[in-house]
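The sequence and structure come next.

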Amino acid sequence: MKYGRPVLFYSVLAIFVATAVVALLGITGGLNISDKYLDVLFTALIIELVAAVIGLFKSTDWFGQSNMNTIKEIEGDWWQLILKEGEKAIGFVHIFYVESEQQVKLEGQAFTDEGLRWARFWSIAAALNSTKDDLYYFWQGDHTQSDEDFSGIGLIRFTLSDELIKVDSGTGWFTKGDIFRADVTERKKVEYRRASAVESETMKVGSPDLQQQLVSKVRSKWPSACHQSSMEELSKELLHS
């Protein structure tokens with residue numbers, strides 16, 4: 001439920017306040033309450049206070065803030081190096097959060113060794129472990145030039161850069177086959193690095209030729225990133241060198 005945690009917390013708080021008011025009126029004589037029931041009220045106050053403290057302070061994810069902070073750190077565009085025996089393939093993954101669905105999502109593309117689009121894929125469910133920066137997901141995909149569909153599960157384990165103090169790389173794996181029939185045909189290890197600003201711009205609005213050359217460069221220069229300040233500068237290097 002979208003508002004489940006805040007509603008639960010404020011419900012506990014309201015009950016705590018109401019119990020405290022009744023107990024105070026009983027002590028001061030404002031209400032005629034027997035000592036037996038006053039003892040019950042004090043016991044209830046202690047239990048409610050403990051519940052509120054545990055909810056707020058011990059559980060760092062009580063309002064979902066810890067989870068949201070991690071989501072903000074991993075959102076954006078990522079290059080995915082797919083490690084296969086004897087070769088390397090490249091994928092480009094966009095990670096984003098859909099507020100209305102309370103859900104992290106992934107959308108990606110896979111490329112051939114020549115930098116041509118080969119397939120696309122998207123998550124159908126994802127779960128983030130914010131304490132470990134692990135993202136588990138179920139995914140589906142299809143080939144761009146055939147009717148073949150495939151699906152699987154995957155893991156991205158994000159890592160923190162010592163120099164930049166930010167999440168900008170990761171490792172993981174994914175399976176390929178048909179998860180709806182419990183048929184796994186492949187399991188591949190992958191590495192990730194965050195795409196630079198000019199790389200993200202190129203993959204979104206650049207020409208097909210420029211995108212193809214960029215994919216080829218990312219693959220050959222992994223894990224180095226392009227540091228040009230504009231897509232024009234990148235185009236001059238890749239298309240006119």
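## Helix packing

Helices H5 (residues 208-221) and H6 (residues 231-239) pack at about 75°, and their axes lie 10 Å apart. The two are therefore roughly perpendicular (65 to 115 degrees). H5 contributes Asp209, Leu210, Gln213, Leu214 and Lys217 to the contact, while H6 contributes Met231, Leu234, Ser235, Glu237, Leu238 and Leu239. Contact means heavy atoms within 4.5 Å. By class, the contact residues are six nonpolar, two polar and three charged.

This is a predicted model: local features need pLDDT of at least 70, side-chain atom pairs count only at pLDDT 80 or more, and totals for chains, interfaces and linings use all residues. Residues are numbered from 1 along each chain as its sequence is written, and side-chain values use heavy atoms, with hydrogens and water left out.

Beyond neighbours within four places in sequence, Leu135 touches Ile74, Val104, Leu106, Ala126, Ala127, Leu128, Gly154, Leu155, Ile156 and Phe158.

## Thr175

Thr175 sits in strand E7 (residues 167-178). Strands are DSSP runs of E, at least two residues; helices are runs of H or I, at least four. Thr175 has 8% relative accessibility, so it counts as buried (under 20% relative accessible area, 1.4 Å probe, protein chains only). Leaving out neighbours within four places in sequence, Thr175 contacts Trp139, Ser151, Gly152, Ile153, Val184, Glu186 and Arg187.

Terms used: Axes are lines fitted to C-alpha atoms, for helices over the stretch in contact, and angles run from 0 to 180 degrees between N-to-C directions. Angles under 35 degrees count as roughly parallel, over 145 as roughly antiparallel, 65 to 115 as roughly perpendicular and the rest as oblique. Ala, Val, Leu, Ile, Met, Phe, Trp, Tyr, Cys and Pro count as nonpolar, Asp, Glu, Lys and Arg as charged, and the others, Gly among them, as polar. Buried means under 20% relative accessible area, exposed over 50%, partly exposed in between (1.4 Å probe, protein chains only).
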